[in-house]
Amino acid sequence: MKLKIINPNTTQSMTDKIGQCAAAVAAPGTRIAAVSPRMGPASIESHYDEALSVPGILDEILAGEQDGTDGYVIACFGDPGLYAAREVARGPVIGVAEAAMHMASMVGTSFSVVTTLARTCNIAWHLAERYGMKRFCRDVHACDLPVLDLERPGSDARRIVAEACRRALARDGSDCIVLGCAGMADLCEEIAEAIGAPVIDGVSAAVKMAEGLVSIGLGTSKRGDWARPLPKAYAGMLAPFALN
Ligand code: 2AL
């Protein structure tokens, strides 16, 4: 099967890292294509960044529908454009926050989210609410790290994130940690080992969920809310997004 992992930000080093983490957990028969969209922000850490990442994500989904992609992962913890993407995809589309929170709720009765900047905490809370995961989510903690610091040598990000996870677990009395940024995917194993509790990276979680759904023949339902959008004209820069 062919899975497309879309890092909605345009930072190629992060896309490469996400692709490696996805490939490391994929089954032998799964082909992973990790991409950044042609347009979008360098990192996503505000509602503005999220909104402007969505056209690039949809562009990648539309291309995937042409080239036989079986399933998709949106690899940004805000799950930007997830429901719009489902409207145009036949296969499953999984958001990393959605996948991580669901898997966390299966390995513990409570989780703590550790994310990048404090301003993204509310985005995580909104998602927990949307997915019915709020009752499992004890709290959302920020490391006060901008997303691109995860890519910057010398930023001390590994230590900062690990320490934030340790503190979150202790303060919340939670059972496990959800990493609140796709750019933290490579830190998962070492933090789990350091803190002695499950740490869930949404990229791995979403890859396995997409793989599982495709392997049992499940795609996005086209009957109701996620039916294909109606054909109409789109004006200006969005003209190429008009569907037939
Ligand atoms: C993210 C993420 O996963 N990728 C990105 O650019 N921003 N989310 C976050 N909370 O930092």
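Modeller: Before we start, a convention: a residue is buried under 20% relative accessible area, exposed over 50%, and partly exposed in between, with a 1.4 Å probe and protein chains only. This is a predicted model, where local features need pLDDT of at least 70 and side-chain atom pairs count only at pLDDT 80 or more, while totals for chains, interfaces and linings use all residues. Residues are numbered from 1 along each chain as its sequence is written, and side-chain values use heavy atoms, with hydrogens and water left out.

Colleague: Fine. How is the chain divided?

Modeller: Into domain 1 (2-95 + 204-241) and domain 2 (97-201). The bounds come from an automatic or database domain assignment.

Colleague: How far apart are the C-alpha centres of the two?

Modeller: The C-alpha centres of domain 1 and domain 2 are 22 Å apart. Between the two domains about 2,300 Å² is buried, and carbon and sulfur atoms give 64% of it. Buried area here is the accessible area (1.4 Å probe) that two parts lose on being put together, summed over both.

Colleague: How many salt bridges and polar contacts between the domains?

Modeller: Three salt bridges, each being a side-chain nitrogen of Lys or Arg within 4 Å of a carboxyl oxygen of Asp or Glu. There are also 15 residue pairs in polar contact across the domains, both residues at pLDDT 80 or more. A polar contact is a pair of N or O atoms within 3.5 Å; within protein, one must be able to donate a hydrogen and the other to accept it, and residues adjacent in sequence count only if both atoms are side-chain atoms.

Colleague: Back to salt bridges. How many in the whole structure?

Modeller: The search finds 14. One of them joins the side chains of Arg 38 and Asp 59, at 2.8 Å from N to O. Arg 38 sits in the loop between strand E2 (31-35) and H2, and Asp 59 in helix H2, so the pair ties together parts 21 residues apart in sequence. Helices (H or I, at least four residues) and strands (E, at least two) are DSSP runs, numbered from the N terminus.

Colleague: Arg 38, buried or exposed?

Modeller: Arg 38 is exposed at 68% relative accessible area, whereas Asp 59 is buried at 17%.

Colleague: And what does Asp 149 pair with?

Modeller: Arg 152, in a salt bridge of 3.2 Å, N to O. Asp 149 is buried at 16% and Arg 152 is partly exposed at 44%.

Colleague: What about Arg 158, which residue is its salt-bridge partner?

Modeller: Glu 190, with the closest N and O atoms 2.6 Å apart. Arg 158 lies in helix H6 and Glu 190 in helix H7 (residues 188-195), so this pair ties together parts 32 residues apart in sequence. Salt bridges that share partners also join Lys 17, Glu 151, Arg 158, Asp 186 and Glu 190 into one network.

Colleague: Change of topic. How many residues in the largest nonpolar core?

Modeller: That core has 76 residues, and Ile 61, Phe 111, Val 161, Ile 177, Leu 179 and Ile 191 have the most contacts inside it. Helix H6 (residues 157-172) gives the largest share, seven residues. Domain 1 and domain 2 both give residues to this core, so it lies between them. For the term: a nonpolar core is a set of buried Ala, Val, Leu, Ile, Met, Phe, Trp, Tyr and Cys residues joined through side-chain atoms within 4.5 Å.

Colleague: Take Ile 177. What is it in contact with, neighbours within four places aside?

Modeller: Ser 112, Val 114, Cys 165, Ala 168, Leu 169, Ile 195, Pro 198, Val 199 and Ile 200.

Colleague: Where is Ser 112 found?

Modeller: In strand E5 (residues 111-115). Ser 112 is buried, at 0% relative accessibility. Its side chain has a polar contact of 2.6 Å with the side chain of Ser 174. Beyond four places in sequence, contacts of Ser 112 include Arg 138, Asp 139, His 141 and Asp 172.

Colleague: Last one, Glu 87. Which helix?

Modeller: Helix H3. Glu 87 is partly exposed at 25%, and its contacts beyond four places in sequence are Lys 222, Asp 225, Trp 226, Ala 227, Arg 228 and Pro 229. The C-alpha atoms of Glu 87 and Arg 166 are separated by 39 Å.

Notes
Contact means heavy atoms within 4.5 Å.
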